[in-house]
Amino acid sequence: MPTSETSAADSARHVAALLAWYRNMGADAAVGHEAIDWLARGEVRPGATFEMPDFGAAKPVAPPRARAPAPATPSAPPARPRVDVQMVPTSAPPSRQFPTSGPDEATLAAREAAKAANTIEELQARLASFDGCGLKATAKSLCFYRGAGTARIMVIGEAPGAEDDKVGKPFVGPAGQMLDKMLAAIGLGEAEVHITNIVYWRPPGNRTPTPQEVLICKPFLERQVELVKPEFLILLGGPSAQIILAEAEGIMKLRGKWHDVTIGAHAARAIATLHPTQLIRTPLAKRMAWRDMLAIDAALKGIGKK
């Protein structure tokens, strides 16, 4: 049985071996309270002045053995697809392709197609067969309009949403429900208005339409205004107000003011207000939208008309 003296000697040997390893690595001093001026040592190498106490012969410390890498676990072979010999192969449906023409060619084609339409129904048919807008490749449905074919009031929003894309009509989701409440507050229903957007297909992820996408759809929108023949335009949100009013300011500066605009060959009065989606997200903004709706109601009744 080892005595306390033997244990102390073994501990001393281990400490000495550890200090020797530190010295060989170049560490000859511990971190102290005072900095060491290494330049003042001159040519004396680190560790040269270190003296080892005599604890007897130190046992060499064997370097740590390298751990052998664990054997790789064999992975199961990939499952082979099951083949049913009785299955009859069918042709895959054709994939929807993005337009290959440039924006200038697409805009020119849109002008020609829109100009040839003499009714709302013809315009919708030509729009359905138009492949110049890239949004059509990612959307499920064309969302042309809902409401009356011709109306005294035309509402123009930004772009279809997810619910609109499923149904194939604009403003049928939560934003549409809010819009219906706004119109009902001044005595208007769906049969008395024409509701559409500045683009006719849902952008992926409900993002804002790009200027190129808006520009390509604009000839159809202008022809739509000419065919609907509205007296008043209600512009919902910044993108709609900016494209119709040709202004760069935000919706907070554009809203609540009447503008005389000419869309194609049709003249109308336009007013911008907050988008229903913004009212859902920010209920306090409803007071501003309510003022805009009162201004629209007054214009419909001829109050304050020039």
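What is the volume of the largest pocket? In this predicted model, the largest pocket has a volume of about 630 Å³. Its lining consists of 27 residues. Ala-159, Ala-175, His-275, Thr-277 and Arg-281 are the closest of these to the pocket centre.

Helix H4 (162–167), helix H5 (174–184), helix H7 (238–245) and helix H9 (276–281) each provide at least two lining residues. The greatest contribution comes from H9, which gives four residues. By class, eleven lining residues of the largest pocket are nonpolar, eleven are polar and five are charged.

The second largest pocket has a volume of about 190 Å³. Among its lining residues are Thr-107, Arg-111, Ala-114 and Lys-115. The lining also includes Leu-215, Lys-218, Pro-219, Glu-222, Arg-223 and Glu-226. Gly-264 is another residue of this lining.

Two helices can be named here. Helix H2 (103–115) and helix H6 (211–228) each supply at least two residues to the lining of the second largest pocket. H6 gives the most, with six residues. Charged residues number six in this lining. Three others are nonpolar, and two are polar.

Aromatic rings were examined next. A pair of aromatic rings is described by the distance of the centres and the angle of the planes. The model has five aromatic pairs. One of them joins Tyr-200 and Trp-201. The centres of these two rings lie 6.5 Å apart, and the angle between their planes is 85°. The pair is edge-to-face because planes over 60 degrees apart are classed in this way.

Both partners can also be described by their accessibility. Tyr-200 has 0% relative accessibility, so Tyr-200 counts as buried. Trp-201 has 2% relative accessibility and therefore counts as buried. The cut-off for buried is under 20% relative accessible area.

Tyr-200 and Trp-201 also belong to an aromatic cluster. Phe-144 and Tyr-145 complete this cluster, which has these four residues as its members.

A further ring contact involves a charge. The charged end of Arg-269 sits over the ring of Trp-258. The distance from this charged end to the ring centre is 4.6 Å.

Definitions and conventions: Residues numbered from 1 in each chain as written. Predicted model: local features only at pLDDT ≥ 70, side-chain atom pairs only at ≥ 80, totals over all residues. Heavy atoms only, no water. 1 Å grid on protein atoms, 1.4 Å probe; cavity = no way out; pocket = protein on both sides within 12 Å on 5 of 7 lines; lining within 4 Å. Points joined across faces, edges and corners; volume = space filled by probe spheres on them. Nonpolar A, V, L, I, M, F, W, Y, C, P; charged D, E, K, R; others polar. Phe/Tyr/Trp six-rings, centres within 6.5 Å; stacked < 30°, edge-to-face > 60°. Buried < 20%, exposed > 50% of the residue type's maximum accessible area, 1.4 Å probe, protein only. Lys NZ or Arg CZ within 6 Å of the ring centre and 35° of its normal.
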